[in-house]
Amino acid sequence: MASVTSGVTDTAKPKKVLFYRHSVAVRITHWLNVLCLSFLLMSGLQIFNAHPHLYWGQYGADALPDPSFISIGAVEDGDTIKGVTRIGSLSLNTTGVLGASTEDGELSPRAFPAWITIPSYQDLATGRRWHFFFAWFFVINGLVYLLYGLIGRHFRRDIVPTKDQLTPGHLAQEIADHARLRFPKGEKARHYNSLQKLTYMAIIFIILPLMVLTGLTMSPGFNAIFPWLLDVFGGRQSARTLHFISASLIVIFVIVHIVMVLVSGVWNNLRSMITGYYALKFEQKDEVSK
Amino acid sequence: MSFDLTRRRFLIGSSVAATGLLTGCDAMVQSTTVNDILQKAESLTMGAQRLLMSRQTLAREFSEADLSPVFKANGTSQPDSEDYARMTENNFADWKLAVNGMVKTPLNLSLADLKAMPSRTQITRHDCVEGWSAIGKWTGVPLGLVLEKAGLAPGARYAVFHCADDLEPSLDGSGRYYESIDLVDAWHPQTILAYGMNGKDLEVAHGAPMRLRVERQLGYKHAKYVMGIELVESFKNLAGGKGGFWEDRGYEWYAGI
């Protein structure tokens with residue numbers, strides 16, 4: 001791996017070593033993925049708004065008796081409306097965000113608010129057009145990344161934890177360090193830590209593929225082609241619910257990911273995902289391995 | 001500077017930024033160039049599905065135990081015309097299904113004629129584009145048998161279904177419901193003209209006297225209140241030119257996803 005040494009000083013200032021962390025393939029697929037997931041989320045919520053109820057099983061519709069277990073709606077409240085989010089038998093007033101929110105300066109009944117859907121106004125046909133375009137884009141980009149990860153040994157080199165990283169003692173230490181927002185420095189920062197690796201693995205190999213498969217399970221055409229998908233997920237409506245839950249997990253991952261990028265050296269992280277070069281900082285007494 | 005002022009400035013600043021972003025997004029959404037590019041994904045979806053499915057690949061069929069307790073009625077649930085009202089009064093005894101356009105023998109079939117033909121019963125899931133599903137049991141005559149009886153003229157590529165309901169009332173009839181499918185779906189074994197539902201005659205709310213079932217596509221393709229079937233080479237000159245009521249309003253013609 002190419003290493004570039006810069007800023008060698010004779011004082012106690014830490015020495016900075018730039019090394020090439022992210023290949024072109026990883027950087028390009030990463031940013032295309034950001035683009036795809038952003039549009040997929042926003043158009044997905046537009047689609048969800050057309051029928052903001054989630055069910056379990058093969059069927060489910062808001063015909064009474066309504067069997068949904070999650071439902072976002074608006075109810076009349078005097079001369080105004082209020083947003084109500086229901087999870088099982090628990091009802092929450094979510095006016096302003098879920099169920100009822102401001103659209104064109106007026107409190108309107110809509111599950112997710114205008115600022116997070118594409119288009120901002122209710123338009124299922126357009127939401128679907130954006131969703132399926134970026135779904136194809138996402139799948140092709142994801143396949144390129146998976147192929148590169150396997151053939152270019154990126155998974156084995158960077159993503160799969162080493163045996164040493166998986167010992168209980170090591171994991172406990174890393175959890176403790178993370179909780180105190182203490183991050184590895186010097187040589188230890190050259191590789192992802194085990195919590196990072198396990199999280200990335202869960203996203204790459206479980207959550208994102210689950211997103212695609214549950215999406216396909218909602219398509220009547222793909223249902224005829226891959227009927228086993230219905231058995232795997234327990235029905236089209238279960239798949240729709242799992243699609244929603246996986247999307248929520250991705251949103252949580254992205255929030256944590258961005259917070260970690262911010263607190264562990266934002267410029268260094270951003271530079272490495274743009275130019276490829278990541279700086280390792282060494283105390284003078286440390287050995288620099290090339 | 002007090003906290004409140006800073007906070008207010010932040011809120012004003014972020015709402016201005018959000019409004020700018022929203023306007024930007026909506027401008028992009030409304031651009032025809034952007035739409036033309038995004039629409040390419042529809043042919044990709046249709047191409048992929050047609051590549052992976054054979055002409056005989058069936059949609060999942062369920063058992064009686066899987067039937068939805070209540071089958072939601074959507075779209076029109078009571079066509080609002082005198083002609084239709086008259087037909088319901090005498091139980092559709094005067095109703096005739098017209099099969100015309102690019103056919104060798106135009107037909108006019110009564111409900112009794114259709115019921116005398118071989119029938120198929122299937123328990124399938126109906127998927128609305130909005131996201132909900134309901135499972136129902138459908139009985140009807142395979143569309144292929146009707147097309148065989150009429151005989152297709154060379155060049156016929158699509159079957160267009162003309163319906164009795166005005167989903168969007170209009171003076172010029174542009175709000176009249178219609179749909180179209182190509183011959184791959186028209187000849188599919190599960191594509192039936194259903195006159196029975198859940199063991200009874202099809203109810204008005206679900207499209208009496210007859211609705212289309214095209215099981216590998218979304219609900220809006222399953223035209224209700226079918227009055228006539230027209231075989232055409234192209235649907236460019238019909239209504240909005242996109243091949244269906246919802247298609248004319250922005251939805252995909254191929255609704256397999």
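**Exercise 1.** Which residue in β6(A) stands opposite Thr85(A)?

*Solution.* This is a predicted model, in which local features need pLDDT of at least 70, side-chain atom pairs count only at pLDDT 80 or more, and totals for chains, interfaces and linings use all residues. Residues are numbered from 1 along each chain as its sequence is written, while chains are lettered from A and ligands numbered from 1 in the order in which they are written.

Step 1. Locate the strands (DSSP runs of E, at least two residues, numbered from the N terminus): β5 covers residues 80-87 of chain A and β6 residues 90-93.

Step 2. The two strands run antiparallel and are joined by 4 bridges; pairing requires at least two bridges found by DSSP.

Step 3. Opposite Thr85(A) stands Leu92(A).

Step 4. The hairpin of these strands has 2 residues between them, and Gly88(A) there takes a positive phi near 60 degrees.

**Exercise 2.** State how α1(A) and α8(A) are oriented to each other.

*Solution.* Step 1. Helices are DSSP runs of H or I, at least four residues; α1 spans residues 24-49 of chain A and α8 residues 236-263.

Step 2. Their axes (lines fitted to C-alpha atoms over the stretch in contact) lie 12 Å apart at an angle of about 140 degrees, on a scale from 0 to 180 degrees between N-to-C directions.

Step 3. α1(A) and α8(A) are therefore oblique, a class left after angles under 35 degrees (roughly parallel), over 145 (roughly antiparallel) and 65 to 115 (roughly perpendicular).
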